[in-house]
Amino acid sequence: MSPLMLVSTLLALNILLSGAELQRFEHGAKVEGSLSLLVVGDWGRRGAYNQSQVARQMGIIGEKLDTDFIISTGDNFYDDGLTGLEDPAFHESFTNIYTAPSLQKQWYNVLGNHDYRGNVEAQLSPVLRGIDSRWFCLRSFIVDTELAEFFFVDTTPFADKYFHETDHTYDWSGIQPRETYLSTLLKDLDLGLKESTAKWKIVVGHHTIKSAGHHGNTVELNARLLPILQENNVDLYINGHDHCLQHISSSDSPLQFLTSGGGSKAWKGDISWWNPEEMKFYYDGQGFMSLQITQTDVYVVFYDAFGQVLHTWNRTKQLYYEM
Ligand SMILES: *[C@@H]1O[C@H](CO)[C@@H](O)[C@H](O)[C@H]1NC(C)=O
Ligand SMILES: *[C@@H]1O[C@H](CO)[C@@H](O)[C@H](O)[C@H]1NC(C)=O
């Protein structure tokens, strides 16, 4: 093969490969090499069900931690997503609620099942970013901070039940044919995780993998997503969907399952039995979570609607860490 042919073959291959990859965005950590962020889920209720109260406490904690960005685990707008770009819910549930100076940071949002009941393209549209520059929502994407890499995964299309539901309509435009969409997404995620050189690998989705809450485990994600997370030594899986705060550890891998779905309406007392060895924490009220990350440590804190610390967890990895 001539050198020119080789170059063009490599170029074609590169285009082919990058064409399949998840979109990647850079978000620098702090100069001293640390990162702090807040995680909230299941929130958009125009301030009701303590949404405003949680938002206020996020503002206070966010100030203390000097938050770099905020992660939303989905169900951004109840009950049925956004009707379109003009939907006042965008202001009423987002812009006018998370008003604290410390929350004027980039928000990385995934879509929840309730968002799929509305106009999905509207939530994904860059026009919303024009209205409120904090807003950032794509189906699946990567945020690379070098220190940690965040893989945001669109989990709603995995769950069979939405495709069989008759009392709600879902906006599946853009994800058909479904099986092609799901297998491509999993392949891209696997590739992204394999290529990642970040010390910490964190995957964010709306649906639970493991949960003692109302919805429980999502069987489709246990079957298809969990093996990929385990194989690639993912540190944390962060989700919403169950309206609670929860930390489950795994007995067969270092992976931790963190639910932050307490952004508004909570489901009191809706808990199933769980192996106490793995169940580190469960709170059936409202609140949110923070993550503080350095080269050697990750530190997780859960807060209630008064900003009280409910649970903390940390892990240390040596500076030169080999799996
Ligand atoms: C708001 O939070 C308080 C304290 O957790 C709780 O007692 C109350 O029931 C919550 N209100 C709603 C509407 O969820
Ligand atoms: C980190 O976790 C260990 C083990 O659970 C605990 O002893 C230590 O106090 C924790 N560190 C912090 C800063 O919370």
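This is a predicted model: local features need pLDDT of at least 70, side-chain atom pairs count only at pLDDT 80 or more; totals for chains, interfaces and linings use all residues.
Residues are numbered from 1 along each chain as its sequence is written, while chains are lettered from A and ligands numbered from 1 in the order in which they are written. Local features need pLDDT of at least 70 and side-chain atom pairs count only at pLDDT 80 or more, whereas totals for chains, interfaces and linings use all residues.

## Annotated binding positions

An unreviewed UniProt entry assigns the feature "binding site" to Asp 75, Asn 113, His 206 and His 241. These positions are spread over 167 residues of sequence but cluster in space, with a largest C-alpha distance of 8.3 Å. UniProt, again from an unreviewed entry, also lists Asp 42, Asp 75, Tyr 78 and His 243 under "binding site". Those residues span 202 residues in sequence, yet no two of their C-alpha atoms are more than 13.0 Å apart, so they gather at one spot. UniProt positions are given in the numbering used here, feature names are shortened, and annotations may be inferred rather than shown by experiment.

Burial is judged by counting other C-beta atoms within 10 Å of a residue's own, placed from the backbone: 20 or more means buried, 12 or fewer exposed, and values in between partly exposed. Helices (H or I, at least four residues) and strands (E, at least two) are DSSP runs, numbered from the N terminus.

| Residue | Other C-beta atoms within 10 Å | Class |
|---|---|---|
| Asp 42 | 30 C-beta atoms | buried |
| Asn 113 | 22 C-beta atoms | buried |

Asp 42 is found in the loop between strand E2 (35–40) and helix H2 (51–65). Asp 75 occupies the loop between strand E3 (69–72) and helix H3 (89–95), and Asn 113 the loop between strand E4 (106–109) and helix H4 (120–124).

Not counting residues up to four places away in sequence, Asp 42 touches Asp 75, Gly 112, Gly 240, His 243, Gly 261, Gly 263 and Ser 264. With the same exclusion, the contacts of Asp 75 include Gly 41, Asp 42, Gly 112 and His 206. Asn 113 is in contact with Thr 156, Tyr 162 and His 206, leaving aside its neighbours within four places in sequence.

Two strands pair if DSSP finds at least two bridges between them. Strand E8 (residues 200–205) runs parallel to E9, joined by three bridges, and Ile 202 stands opposite Leu 236 in E9. On its other pairing, E9 is joined to strand E11 (residues 256–260) by four bridges, also in parallel, with Phe 257 as the E11 bridge partner of Tyr 237.

Strand E10 (residues 245–249) pairs with E11 in the antiparallel sense over five bridges. Leu 245 stands opposite Ser 260 in that pairing, and six residues lie between the two strands of this hairpin.

In a regular strand the side chains alternate between the two faces of the sheet. Strand E9 (residues 236–239) is covered on both faces, with Leu 236 and Ile 238 buried on one side and Tyr 237 and Asn 239 on the other. E11 is likewise covered on both faces: Gln 256, Leu 258 and Ser 260 are buried on one side, and Phe 257 and Thr 259 on the other.

## Nonpolar core and ligand shell

A nonpolar core is a set of buried Ala, Val, Leu, Ile, Met, Phe, Trp, Tyr and Cys residues joined through C-beta atoms within 7 Å. The largest such core has 75 residues, among which Val 39, Phe 151, Val 204 and Tyr 237 touch the most other members. Beyond four places in sequence, the contacts of Val 39 include Ile 71, Ile 238, Ser 260 and Phe 288.

Ligand 1 is surrounded by Tyr 49, Asn 50, Ala 266, Gly 285, Gln 286 and Ala 305, each with its C-beta atom, placed from the backbone, within 6 Å of the molecule. This shell divides into three nonpolar, three polar and no charged residues.  Here Ala, Val, Leu, Ile, Met, Phe, Trp, Tyr, Cys and Pro count as nonpolar, Asp, Glu, Lys and Arg as charged, and the others, Gly among them, as polar.

Methods:
Two residues are in contact if their C-beta atoms, placed from the backbone, lie within 7 Å.
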